[in-house]
Amino acid sequence: AFFASSRATLGIAITDAQFLEGWNAIFAGEIEGIAPLLARAAKRLPLYAFSNTNRPHVAHFSVHYAEVLSHFREIFLSSTIGLRKPDPEAYDHVVKAIGVPAERILFFDDLAANIDGARARGLQAVQVRSSADVAAALDALGI
C-alpha cells in the first residue's frame, strides 16, 4: 500500500520490486571502523540496538549486516514495537525491556533530535558522526 501510494504521489510507474530496490538503496554500508568497536564493547557490555525502520528494511539489513548485528543482544525495531524515536514512550519501552535504570544506558545515534529525546528520558547519549565518536565514548568508559 505504501509503494502504491508513493507511486501515485510521485507520478511514477515502477514495480514493487523496483521500488523495494530503491527503498533499500539508502543502506550505503556499515560505518567505517564500527565493527571492531562493537566487538570490543560487546566483550564488556550488553549491547542493544534501536532503529526507526520498517519490515522491508529489516529483511534487507538483517541479511546484509548480519555479522555486525550479531554483537547486539536484542534489536528494538519501531515497526515491531509500534514506537519511534524521539517519542518519549519509545525510550521508556526500551529502558523497561532492558531492565536497568535509564541513567545506566549509553545511547548512540546520528540524529540530534534522537539524542535530545534520549537525554530527556534520563539516558546518557552520544551523537555519532563517525566511528571516532563511538571510540571516544568507549575510551572514556575504559572499554
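Is Ala-132 buried, partly exposed or exposed, and what is its relative accessibility? At 48% relative accessibility Ala-132 counts as partly exposed, where buried means under 20% relative accessible area, exposed means over 50% and partly exposed lies in between, with a 1.4 Å probe and protein chains only.

## Basis of the description

This is a predicted model, in which local features need pLDDT of at least 70 and side-chain atom pairs count only at pLDDT 80 or more, while totals for chains, interfaces and linings use all residues. Residues are numbered from 1 along each chain as its sequence is written, and side-chain values use heavy atoms, with hydrogens and water left out.

## Overall architecture

The chain holds nine helices and four strands, which are DSSP runs numbered from the N terminus (H or I and at least four residues for helices, E and at least two for strands). Read along the sequence, these elements follow the pattern α-α-α-β-α-α-β-α-α-β-α-β-α.

Taken along the principal axes, the C-alpha atoms of the chain fill a box of roughly 55 × 30 × 25 Å, and 34% of the 143 residues count as buried. Among the contacts with a separation of 6 or more, 54% join residues 24 or more positions apart, contact being defined as heavy atoms within 4.5 Å.

## Helices α1 and α2

The axes of helix α1 (residues 2–10) and helix α2 (residues 16–24) come within 10 Å and cross at roughly 90°, which makes α1 roughly perpendicular to α2. The axes are lines fitted to C-alpha atoms, for helices over the stretch in contact, and the angles run from 0 to 180 degrees between N-to-C directions; those under 35 degrees count as roughly parallel, over 145 as roughly antiparallel, 65 to 115 as roughly perpendicular and the rest as oblique.

On the α1 side the contact involves Phe-2, Phe-3, Ser-6 and Arg-7, which meet Asp-16, Phe-19, Leu-20 and Trp-23 in α2. By class, this contact of α1 with α2 has five nonpolar, one polar and two charged residues, with Ala, Val, Leu, Ile, Met, Phe, Trp, Tyr, Cys and Pro taken as nonpolar, Asp, Glu, Lys and Arg as charged, and the others, Gly among them, as polar.

In helix α3 (residues 34–42) the buried residues are Ile-34, Leu-37, Leu-38 and Ala-41. They cover an arc of only 100° around the axis, which puts them on the same side of α3; the arc is that of the directions from the helix axis to the C-beta atoms. An α-helix has 3.6 residues a turn, so residues three or four places apart point the same way.

The buried residues of α3 pack against α5 (66–69) and α9 (131–141). Ala-132 has its place in helix α9, and the C-alpha atoms of Ala-132 and Ile-34, 98 residues apart along the chain, are separated by 8.8 Å.

The buried residues of helix α4 (residues 55–64) are His-57, Val-58, His-60 and Phe-61, and what covers them includes α2, α5, β2 (74–77) and α6 (78–81). His-57 has a relative accessibility of 7% and, not counting residues up to four places away in sequence, touches Trp-23, Asn-24, Ile-26 and Phe-27. Asn-54 caps the N-terminal end of α4, with a side-chain oxygen 3.0 Å from the backbone nitrogen of His-57.

Thr-53, in the loop between β1 (48–51) and α4, is buried with a relative accessible area of 8%. Leaving aside neighbours within four places in sequence, Thr-53 is in contact with Val-58, Phe-61, Leu-77, Ser-78, Ser-79 and Arg-84.

In α7 (88–98), the residues Ala-90, Tyr-91, Val-94, Val-95 and Ile-98 are buried. They cover an arc of only 130° around the axis, which puts them on the same side of α7, and their cover includes β1, β2, β3 (106–109) and α8. Gly-99, whose phi is positive, near 85°, follows α7.

Asn-114 lies in helix α8 (residues 112–120) and is buried, with a relative accessible area of 4%. Leaving aside neighbours within four places in sequence, Asn-114 is in contact with Lys-85, Pro-86, Tyr-91, Phe-107 and Asp-109. The peptide bond from Lys-85 to Pro-86 is cis, with omega near 5°, and Pro-86 lies in the loop between α6 and α7.

Terms used
Polar contact = N/O pair within 3.5 Å; in protein donor to acceptor, adjacent residues only side chain to side chain.
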